[in-house]
Amino acid sequence: MNDPIEFRYSHNLCIKLLKGLGANKKEIKKFKYYLINKNPFKDCYIWSFTENKNSQALYGNYSSKKDGIALEFNANKIQIMLSKYFNGNRKSFDEFNNENSFIFPLKVIYDINEQKKILLPVLNEYLQAYKSIKYDEKIMNEIIKTCLADLVIFSMSLKNPLLYQEEEIRYVVANINENDYKRPTKIMNGVPFMDVPFKGGILKSAYLQTGNKLPINLLKGTLKKRGYPNVYIGKSELPY
């Protein structure tokens, strides 16, 4: 995940739940080490969207000067586009190699009770496997490895409940790399990013934030010049 703040939320929640399951300080310390150093998806990228084109929370956060524009994309075409870009014509995971990526959508879960329901069974299995390493190290390590993979994927769909108004959905690109190798396109303020080109058919609509004085014809012309001639232009339904 390329946003350490969001990973930290899930990480801290896991620690809290492990303590509730009776994990001691040594077991907590080892879990922290495993989650950071044994993470099977160290090179992940997230493309974030919202289900609500009239999100006052997002307009307020990203365009406080009333100059925001909400872009609506075709969800199915996003999945197809990302898959083709990163994996070519491969049709099976059996054909993947260290230059490919797992692509999948996620709906962010904000409800703390739902988050606990998802995490607790995996954390309990992890803890029991860790406590049983001395009895069968090979099998227990395999269980731990599987649990860590599950927890990392789950962490990408969990977010602080206070942010529920974002109504976020995500597309995840999890690169398959050898060892700890990472392949971002660029790094901005210490955060890795990947650039992905996309064509006009993926963009459906554009909605001007309430109060945005940008002329619709100017926006249409700009989109047309960039290869998006058939995008519907509308205005947000927010009263202010």
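Let me begin with a term: on a 1 Å grid over the protein atoms alone, a cavity is a set of points where a 1.4 Å probe fits but cannot get out, whereas a pocket is an open set with protein on both sides within 12 Å along at least five of seven lines, and lining residues have an atom within 4 Å of a point. Grid points are joined across faces, edges and corners, and a volume is the space filled by probe spheres set on the points.

What you see is a predicted model, in which local features need pLDDT of at least 70 and side-chain atom pairs count only at pLDDT 80 or more, while totals for chains, interfaces and linings use all residues. Residues are numbered from 1 along each chain as its sequence is written, and side-chain values use heavy atoms, with hydrogens and water left out.

How many cavities of 30 Å³ or more does a search of the whole structure find? The search finds 1, and the largest cavity holds about 40 Å³ of space. Its lining is made of F7, S10, H11, C14, L35, L151, V152 and S155, and the elements that give two or more residues to this lining are α1 (4–20) and α6, where helices are DSSP runs of H or I with at least four residues and strands are runs of E with at least two, numbered from the N terminus. The largest share, 4 residues, comes from α1.

Let us stay with helix α6, residues 137–155, which has 19 residues and reaches 26 Å from its first C-alpha to its last, close to the 27 Å expected at 1.5 Å a residue, the expected span being 1.5 Å times one less than the number of residues.

Strand β1 gives the largest share of the lining, 6 residues.

Finally, strand β7 (residues 203–208) and strand β8 (residues 232–235) run parallel and are joined by 4 bridges, at least two being needed for DSSP strands to pair.
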